[in-house]
Amino acid sequence: MRAIFTIAGKDLKNLLKSPIFYVIGGLCAVIWSNSYIRVLLKFVETSMLQGPQSGMNLQRDVFTPHISLVNLLLIFVIPALTMRLLAEEKRQRTYDLLLTSPITSTQIVLGKFLAGVAAVAILILISLLYPLVTFGVANFPLLPLFSAYFGLLLVATCYVAVGIFASSLTESVVLSVIMALIFNIMLWFIGQGAEGGEGVNKILEHLAIAQHFFNFIMGSIKLKSLVFFLSVVGLFVFLTQRVVESSRWR
Amino acid sequence: MIEVRDLSKRYGDRAAIQSLNFTVRKGEVVGFLGPNGAGKSTTMKILTGYMAPTSGEVKVAGLDVFEDPIGVKRRIGYLPETPPVYFDMHVKDYLIFVANLKGVDRAKVGQMANTALEKTGLQDVRNRLIGNLSKGFRQRVGLAQALVADPEILILDEPTVGLDPKQMSEIRQLILQLKGQHTIVLSTHILSEVQASCDKVIIINQGKIVAEDSLADLTRRMSGGGHIVTLKLRRPQDLIESGLLQVTGVVAVKRVGVQLEVECQGDQLGVEQTVEKIAAFVVGQGAGLLELKVQALALEDIFIKLTSTDASA
């Protein structure tokens with residue numbers, strides 16, 4: 001446990017010290033602020049004009065577009081945060097230190113993974129500020145919002161796992177970003193094949209990240225969706241562990 | 001302390017090392033000597049559990065490296081060819097990080113880091129970024145990293161490579177100071193380094209051990225009491241070279257620039273007589289003797305002898 005936290009602590013500190021994190025955080029905040037205000041104003045306008053019979057709903061009409069945008073940005077931003085986690089260790093030759101220390105590959109990978117998740121959680125918390133501020137002026141049930149954010153955190157955790165896997169495959173941070181991006185986008189495109197719902201499509205439907213994410217956004221935490229996200233994370237963390245371990249016998 | 005049996009490693013078709021056998025006793029300082037690409041780094045990486053061999057067995061402090069890698073790694077401090085330092089970390093923070101990684105007792109982490117700083121003379125730069133340090137200092141940070149958990153065994157892969165002569169001698173001094181506290185295996189292709197710090201030499205060439213002995217024994221055995229007499233003459237002639245070969249005790253004569261190198265065989269007394277005869281002969285020929293120097297065969301000559309292609313002496 002200690003080894004995991006030692007590595008996680010070092011990498012998180014490293015991420016929080018790097019300008020990249022602040023550039024990314026700042027840019028995200030600008031984009032989210034801009035879009036959130038527009039969506040919120042539109043919501044206010046429509047519901048003022050039409051009154052209660054408009055059927056407008058904060059969760060569906062304001063938070064869902066916001067969370068979708070957050071998710072969209074995270075697809076591109078997380079690879080930039082995770083790119084250095086293993087690739088840089090290899091490039092700087094500090095990988096030798098990790099591999100000759102009395103720790104297992106699993107501990108190395110879990111440490112890096114935790115650091116990545118923690119850094120991303122900070123970004124997600126920033127994006128949570130917007131709905132929370134809205135809570136100060138409007139009354140709405142908080143639980144569906146938290147369900148949606150829990151889903152968002154799970155999706156982001158998948159991206160982190162994918163990012164670390166990409167980072168483990170190469171010494172070059174640029175390649176690592178590109179690979180992580182491609183993997184992330186592929187995760188979303190699996191759902192494209194799910195139209196129709198017959199045979200293979202039926203299977204693809206269960207693998208579609210969009211479907212599971214949608215459940216969380218609608219406020220329902222389903223066991224199968226939870227299992228799906230944890231499996232994706234587990235798969236990529238496991239693959240990364242194998243890649244790191246492989247350097248011992250190659 | 002370290003036992004290596006029939007160790008082999010292949011990279012694809014190329015054999016990096018072939019059935020190495022050697023042992024290192026507790027407290028010894030062993031120099032791993034060989035030309036570039038001889039398999040020194042590969043052997044060291046296997047000793048540290050960094051990579052697995054194709055076949056063979058390595059035991060460190062009685063533990064098998066492949067059955068209990070964690071236990072072995074706990075006992076080893078390793079300095080790879082490139083010091084494994086994070087350029088964006090401060091020296092002290094880095095050592096604390098490494099100490100935690102190596103599982104040093106939590107309460108002692110700060111103290112151990114300080115001791116390592118002291119031993120390597122890094123106190124003055126403890127709060128500087130590693131990336132801003134000179135190469136020699138980075139090397140020292142690498143050494144401090146290997147020392148920080150106070151391991152029984154230190155494995156140093158070319159600890160002085162790429163340093164200037166002053167830094168080299170500083171690192172060598174440091175290794176000398178560590179002697180006795182740790183069992184040290186160091187690799188190098190610089191011979192004076194071995195002469196300066198090692199009890200025992202293992203010479204490795206093309207993946208095989210060509211000699212394993214204490215420094216003194218190796219010198220005695222390989223030179224066979226041989227000496228080199230270097231002559232500087234005013235008027236060197238071919239006639240003198242062939243004439244010198246007739247002198248009893250002379251084995252070979254070689255012309256190097258304006259100097260003649262004469263190799264002699266025999267014990268101390270015999271060599272002295274030979275040298276006397278050589279001097280008398282040269283003076284008698286009127287070649288104008290300017291300089292005469294007698295040297296025992298040095299490690300360098302032994303090394304070259306052993307590592308040139310058909311070296312099975």
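A residue is buried if 20 or more other C-beta atoms lie within 10 Å of its own, exposed if 12 or fewer, and partly exposed in between, with C-beta atoms placed from the backbone. Keep that handy for the views below. This is a predicted model, where local features need pLDDT of at least 70, side-chain atom pairs count only at pLDDT 80 or more, and totals for chains, interfaces and linings use all residues. Residues are numbered from 1 along each chain as its sequence is written, while chains are lettered from A and ligands numbered from 1 in the order in which they are written.

**View 1. Q206(B) sits in a loop between two strands of chain B.**
Here the loop runs between strand 9 (200-205) and strand 10 (208-214); helices (H or I, at least four residues) and strands (E, at least two) are DSSP runs, numbered from the N terminus. Q206(B) isn't a glycine, yet has a positive phi of about 45 degrees. Because it has 17 C-beta neighbours inside 10 Å, Q206(B) counts as partly exposed.

**View 2. R93(A) lies in the loop between helix 4 and helix 5 of chain A.**
This is another non-glycine with a positive phi, about 70 degrees for R93(A). With 15 C-beta neighbours inside 10 Å, R93(A) is partly exposed.

**View 3. E88(A) belongs to helix 4 (residues 84-92) of chain A.**
Is E88(A) buried or exposed? It has 21 C-beta neighbours inside 10 Å, so E88(A) counts as buried. Now look for S172(A): 84 residues separate it from E88(A) in sequence, but C-alpha to C-alpha they are 7.5 Å apart in space.

**View 4. Helix 7 of chain A covers residues 142-168.**
Its 27 residues reach 39 Å from the first C-alpha to the last, close to the 39 Å expected at 1.5 Å a residue. That expected span is 1.5 Å times one less than the number of residues. Helix 7 of chain A is mostly covered, with 20 of its 27 residues buried.

**View 5. Helix 3 (residues 91-101) and helix 4 (residues 109-119) of chain B cross each other.**
Their axes come within 9 Å and cross at roughly 120 degrees; axes are lines fitted to C-alpha atoms, for helices over the stretch in contact, and angles run from 0 to 180 degrees between N-to-C directions. The two helices are therefore oblique to each other (under 35 degrees is roughly parallel, over 145 roughly antiparallel, 65 to 115 roughly perpendicular, and the rest oblique). Two residues are in contact if their C-beta atoms, placed from the backbone, lie within 7 Å.

**View 6. Helix 3 of chain B is mostly covered.**
How many of its 11 residues are buried? The count is 10, including Y94(B), F97(B) and L101(B). The buried residues pack against helix 1 and helix 5 of chain A, as well as helix 4 and helix 5 (135-147) of chain B. Just after helix 3 of chain B comes G103(B), with a positive phi of about 75 degrees.

**View 7. Chain A meets chain B.**
On this side, 17 residues of chain A are in contact with 23 residues of chain B. Helix 1 (2-17), helix 5 (95-99) and helix 11 (223-249) of chain A each supply at least two residues of the side that touches chain B. The largest share, 5 residues, comes from helix 1 of chain A.
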